[in-house]
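How does one read confidence and helix packing from a set of coordinates? The dialogue below takes these topics in turn.

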Amino acid sequence: MNPHLTGDTRHIPHNETARAACTDADPALFFPSVQGSAYNELVENAKTLCADCAIRRECLARAIRHSETEGIWGGFTGRERRSLRDHAHRLHMVSPQLITDLRAGLRVPVPAKERPGVVSRLLGLGWSENQIAEALGVAPFAVQIARRLAEDAAAYRAAEQQAGRPLALTA
Ligand code: SF4
């Protein structure tokens with residue numbers, strides 16, 4: 001049974017459960033009650049399932065809309081969802097001058113925490129992942145990670161908005 005239908009969190013619509021990668025998984029995997037290395041092992045196993053889940057982002061959005069603080073949803077632990085909130089804020093705080101400099105071919109240091117917003121902005125300008133990797137002086141894999149994080153952060157922001165809690169955005 002889908003672990004998110006076994007406890008207090010019965011808000012995944014039934015018509016979606018068949019698409020969930022965790023339909024037959026042990027609920028303990030997603031709500032670990034152990035600590036230390038055993039906790040880490042359960043979390044990693046859960047995340048492996050989430051990574052290939054057809055409704056991963058919908059699951060994440062649902063957890064955010066319902067302010068879930070516990071459990072693994074959409075591949076994020078509660079602590080990671082709180083961190084995602086910071087990324088959602090930063091998406092809109094990319095310096096226009098930084099983007100201008102990068103477009104001019106300047107090698108500008110971009111801190112890792114700012115990378116998702118910068119990658120998102122450059123993708124929006126039509127840059128390829130390889131072009132971005134070259135401009136930022138990082139491996140293409142790092143750009144792919146930043147892209148995925150930016151997309152998850154955007155999903156976070158949209159879910160907060162749907163829940164009537166729009167994030168305050170500062171440019
Ligand atoms: S994203 Fe993970 S927790 Fe959510 S439905 Fe899919 S496998 Fe289950």
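Q: What is the average pLDDT of the protein chain, and where is the pLDDT below 50?

A: Where pLDDT is low, the predicted coordinates should not be read in detail. In this predicted model the protein chain has an average pLDDT of 88, and 88% of the residues score at least 70. Residues 7–11 have a pLDDT below 50, although in the model this stretch has seven contacts beyond near neighbours in sequence.

Q: At what angle do helix α7 and helix α8 pack, and how far apart are their axes?

A: Helix α7, spanning residues 129–136, packs against helix α8, spanning residues 140–162, at an angle of about 110°, and their axes are 8 Å apart. Angles of 65 to 115 degrees count as roughly perpendicular, and α7 and α8 are therefore roughly perpendicular to each other. On the α7 side the contact is made by Glu129, Asn130, Ile132 and Ala133, and on the α8 side by Pro140, Val143, Gln144 and Arg147. By class, this contact of α7 with α8 has four nonpolar, two polar and two charged residues.

Q: How do the axes of α4 and α8 cross, and which residues meet there?

A: Helix α4, residues 78–90, has an axis that comes within 8 Å of that of α8 and crosses that axis at roughly 95°, which makes α4 roughly perpendicular to α8. Leu84, Arg85, His87 and Ala88 in α4 meet Leu149, Asp152, Ala153, Tyr156 and Arg157 in α8. The residues of this contact of α4 with α8 divide into five nonpolar, one polar and three charged.

Conventions:
Residues are numbered from 1 along each chain as its sequence is written. This is a predicted model: local features need pLDDT of at least 70, side-chain atom pairs count only at pLDDT 80 or more; totals for chains, interfaces and linings use all residues. pLDDT is the predictor's confidence in each residue, from 0 to 100. Two residues are in contact if their C-beta atoms, placed from the backbone, lie within 7 Å. Axes are lines fitted to C-alpha atoms, for helices over the stretch in contact, and angles run from 0 to 180 degrees between N-to-C directions. Helices (H or I, at least four residues) and strands (E, at least two) are DSSP runs, numbered from the N terminus. Angles under 35 degrees count as roughly parallel, over 145 as roughly antiparallel, 65 to 115 as roughly perpendicular and the rest as oblique. Ala, Val, Leu, Ile, Met, Phe, Trp, Tyr, Cys and Pro count as nonpolar, Asp, Glu, Lys and Arg as charged, and the others, Gly among them, as polar.
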